[in-house]
Amino acid sequence: MKRLFFPVLLLAGLTHSAYAQDHRFDPPWNTPPESKVMFTVPGVDNVPDLYGDINDPQLVVFFAGNQFMCIDELLAAFKQQYPAYQRVFAETLPPGILAQQIEGGSLTLGNMRITLKPDVYTAGKTRINAMAHHFSRTEVYAYNKLALMVPKGNPAKVNSLSDLAKPGVRVAMPNPAWEGIGKRIEEAYVKAGGEQLKQQIMDRKVKDSTTFLTQIHHRQSPMRILYRQSDAAPVWYSEAWYQEMIGHPVSLVTIPDKHNITATYMAGQLKNAPHQQAAADFMDFLVSDKAKAIYRKYGFDI
């Protein structure tokens, strides 16, 4: 009996370990650029928010992170329209982190230190306006609204923002400290249920760990839903739309306009952009019909 017990215990441990190390849905969800050596290890080395050519780029763009799904088509279309620029580097980290990178001049990710200066920075209207002294030109190019992302079938029956306050509902919530969407979601909570709803989700449920504050919501929120670690996540509409588009087992729950908010996406050309002409050309491209069609395809309003 003892001889059987330990192998069974070991097998149970291995089974739990395999479940814990499930990486079926890990990013990157985009198509990586081609190289002689393709080395991406899910859960270990995947660096999903850095794109393209980090060595000697001809254009550097810092995108507010929730636009990651557009990057493949957007940059390919830009290179086709402006063939002089084939080496493009882009980051899709949270806009507050990118703003700190602009102010501080560098960012360290793992063991890699990046000191590239952006030519163009995109974020919400409020943040762009607050950083106006950095830009020689700004443009509005897209809009978005909020939605709820839930596991396929919506097992927790989350159908409204108010449902997020229920004691048993686990919420993945962007941290307002550096995620612009976090503050906008808080506005929506107040519209849907007043300060009481906001406090329940952002105070009491944070304290009892049923609200999880993300650091990179456009990665963590989908993954927490896909791996059933959270029951619902307020996200930009485009993010839930995209996860459904690529066949991941999630569902999109709409939020009525009376409880929703509209985000305005703006781009700013940096006054000290290292590649001024490339920056100007990319700004023109962002407001073109071609770029707008790409944003519309991925669930944005234009």
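Author: Helices (H or I, at least four residues) and strands (E, at least two) are DSSP runs, numbered from the N terminus. By that count, Leu59 lies in strand β2, residues 59-62. This is a predicted model, in which local features need pLDDT of at least 70, side-chain atom pairs count only at pLDDT 80 or more, and totals for chains, interfaces and linings use all residues. Residues are numbered from 1 along each chain as its sequence is written, and side-chain values use heavy atoms, with hydrogens and water left out.

Along the chain, Leu59 and Gln277 are 218 residues apart, yet their C-alpha atoms are separated by 9.3 Å.

The part to look at closely is helix α6, residues 217-226. Of its 10 residues, 8 are buried, so α6 is largely enclosed by the rest of the structure. The buried residues of α6 are His217, His218, Arg219, Ser221, Pro222, Arg224, Ile225 and Leu226. Just after α6 comes Arg228, which takes a positive phi of about 60°.

Arg219 deserves a separate look. Its side chain meets that of Asp49 in a salt bridge with an N to O distance of 3.0 Å (a salt bridge is a side-chain nitrogen of Lys or Arg within 4 Å of a carboxyl oxygen of Asp or Glu). Arg219 is in helix α6 and Asp49 is in the loop between α1 and β1, so the pair ties together parts that are 170 residues apart in sequence. Val47 has 38% relative accessibility, so it counts as partly exposed.

On a 1 Å grid over the protein atoms alone, a pocket is an open set of points where a 1.4 Å probe fits, with protein on both sides within 12 Å along at least five of seven lines, and lining residues have an atom within 4 Å of a point. Points are joined across faces, edges and corners, and a volume is the space filled by probe spheres set on them. There are 25 lining residues in the second largest pocket, and Asp26, Pro27, Gly43, Met223 and Tyr227 lie nearest its centre. Both α1 and α6 supply at least two residues of this lining, and α6 has the largest share, 4 residues.

The largest pocket has a volume of about 970 Å³. Its lining has 30 residues, and those nearest the centre are Pro32, Pro33, Leu50, Tyr51 and Gly52. Here β1, α2 (71-81) and β3 (88-91) each supply at least two lining residues, and α2 gives the most, with 5.

Back to the charged pairs: the whole structure has 10 salt bridges. Two of them can be followed in helix α5, residues 180-207. Arg184 and Glu187 form one, at 3.2 Å from N to O. These two residues are 3 apart in α5, so they are separated by about one helical turn. Arg184 is partly exposed, because its relative accessibility is 23%, and Glu187 is partly exposed at 38%. In the other pair, the closest N and O atoms of Lys207 and Asp203 are 3.2 Å apart. Both residues lie in α5, 4 residues apart, about one turn of the helix. At 66% relative accessibility Lys207 counts as exposed, whereas Asp203, at 25%, is partly exposed. Elsewhere, salt bridges that share partners join Arg137, Glu139 and Asp284 into one network.

Terms used:
Buried < 20%, exposed > 50% of the residue type's maximum accessible area, 1.4 Å probe, protein only.
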